Amino acid sequence: MSSDTLAKPAAAAEAAPVRIVAQRRLGQWTAAAVVLVLLGLAVNSVVRNDAFQWDVVADYFTSASVLRGLWLTLWLTAVVMVLGFALGTLLAAGRLSANPVLRSVSWGYVWLFRSMPILVQLLLWFNIGALYPQILGVKTVNLLGPVTVAIVGLTLHEAAYAAEVVRGGILSVDRGQIEAAQALGLSRWRRWWRIVLPQAMRSIVPPAGNMLIGTLKGTSIVSVIAVQDLLYSVQLVYHRTYQVIPLLMVATVWYVVVTSVLSVGQYYVEKYYARGSERTR
């Protein structure tokens, strides 16, 4: 048999197209179908359940009292986050300091305020007059109003967590980056502002965004000291009308709307600080 005869079957085999069979993912499609069905049933049960009284929700959703409570919630969240991160940055600097006293005091602050429930902290500040009737000759009874107590309590609480977020972000920057900046003769301020901070923000922004959303929802706890935030505002209404479920849904929908907006903003801030890195989205 000639070599040409042997080569023809081999050439024919090479020329034949290879059939690619897609992998069957029956389990995945079945699970997806089950999840969609359950999700549809859940949505249908909420939308068509008369007990939610969606008409009442629509009536109170943009009422003056609810909007005032929403505004106080947003304002309180912004103030607490700014003050909390300002104090937390100082605490993080203390944790990273070579001074053992600053390092110990900062560590003790973080340990103490992370160990105490926020509700206990608020109640202690609200009753500060019972603990210290006078401070430096000033009577503390009725010195702090409910809103001031909320700001002080929430700020001190958030600062303990912000300190760890900032410290973790700074430690995530490679030490070689700082040494290279020193070799170039950059001042300490320019090293932190141009080298350390932009890189640290990649690690700071995600947990800071989660803290912001957590603080927004956590402000609802100030209703226990009669601060008229969003939750307290709807409570005042349903104590009068006895429409508990629809008024709670008003607060819930507003919280969902605001947290969704904040989540979108967090995404773009993360994207901005991720420029030039190898991270993919």
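Are Glu164 and Arg95 buried or exposed? Select both: Glu164 is buried, and Arg95 is buried too. Keep in mind throughout that this model is predicted.

**Stop 1: the salt bridges**

Stay on Glu164 and Arg95. Their side chains meet in a salt bridge, at 2.7 Å from N to O. Now colour by helix. Glu164 belongs to helix H8 (residues 146-171), while Arg95 belongs to helix H4 (residues 64-95), so this pair ties together parts that are 69 residues apart in sequence.

Show the three side chains together. Salt bridges with shared partners join Arg95, Glu164 and Arg167 into one network. How many salt bridges does the count come to? The count is 2.

**Stop 2: helices H10 and H12**

Next, select residues 188-218, helix H10, and residues 244-273, helix H12. The two pack at an angle of about 175°, and their axes are 10 Å apart. An angle over 145 degrees counts as roughly antiparallel, so that is how H10 runs relative to H12.

Show side chains where the helices meet. On the H10 side, look for residues including Pro198, Met201, Val205, Pro206, Gly209, Leu212, Ile213 and Leu216. On the H12 side, the residues they meet include Tyr255, Val258, Leu262, Gln266, Val269 and Tyr273.

**Stop 3: Thr215**

Stay in helix H10 and pick Thr215. Is Thr215 buried or exposed? Thr215 counts as buried because its relative accessible area is 3%, and the cut-off for buried is under 20%. Leaving aside neighbours within four places in sequence, Thr215 is in contact with Thr77, Val80, Met81 and Glu158.

**Stop 4: a nonpolar surface patch**

Switch to a surface view. Select Leu36, Leu39, Val43, Val46, Val47 and Trp54. These residues form a nonpolar patch on the surface, with about 540 Å² of accessible area together. Which helix gives the largest share of the patch? Helix H2 (residues 26-47) does, with 5 residues.

Finish on Leu36, which sits in helix H2. Leu36 counts as exposed because its relative accessible area is 60%, and the cut-off for exposed is over 50%.

Terms used. Residues numbered from 1 in each chain as written. Predicted model: local features only at pLDDT ≥ 70, side-chain atom pairs only at ≥ 80, totals over all residues. Heavy atoms only, no water. Patch = residues over 30% accessible without salt bridge, like charges linked within 9 Å, V, L, I, M, F, W, Y side chains within 5 Å. Areas by Shrake-Rupley, 256 points an atom, 1.4 Å probe, with all protein chains shown as cover. Salt bridge = Lys/Arg side-chain N within 4 Å of Asp/Glu carboxyl O. Helix = DSSP H or I, 4+ residues; strand = E, 2+ residues; numbered from the N terminus. Buried < 20%, exposed > 50% of the residue type's maximum accessible area, 1.4 Å probe, protein only. Axes fitted to C-alpha atoms, helices over the stretch in contact; angles between N-to-C directions. Parallel < 35°, antiparallel > 145°, perpendicular 65-115°, else oblique. Contact = heavy atoms within 4.5 Å.
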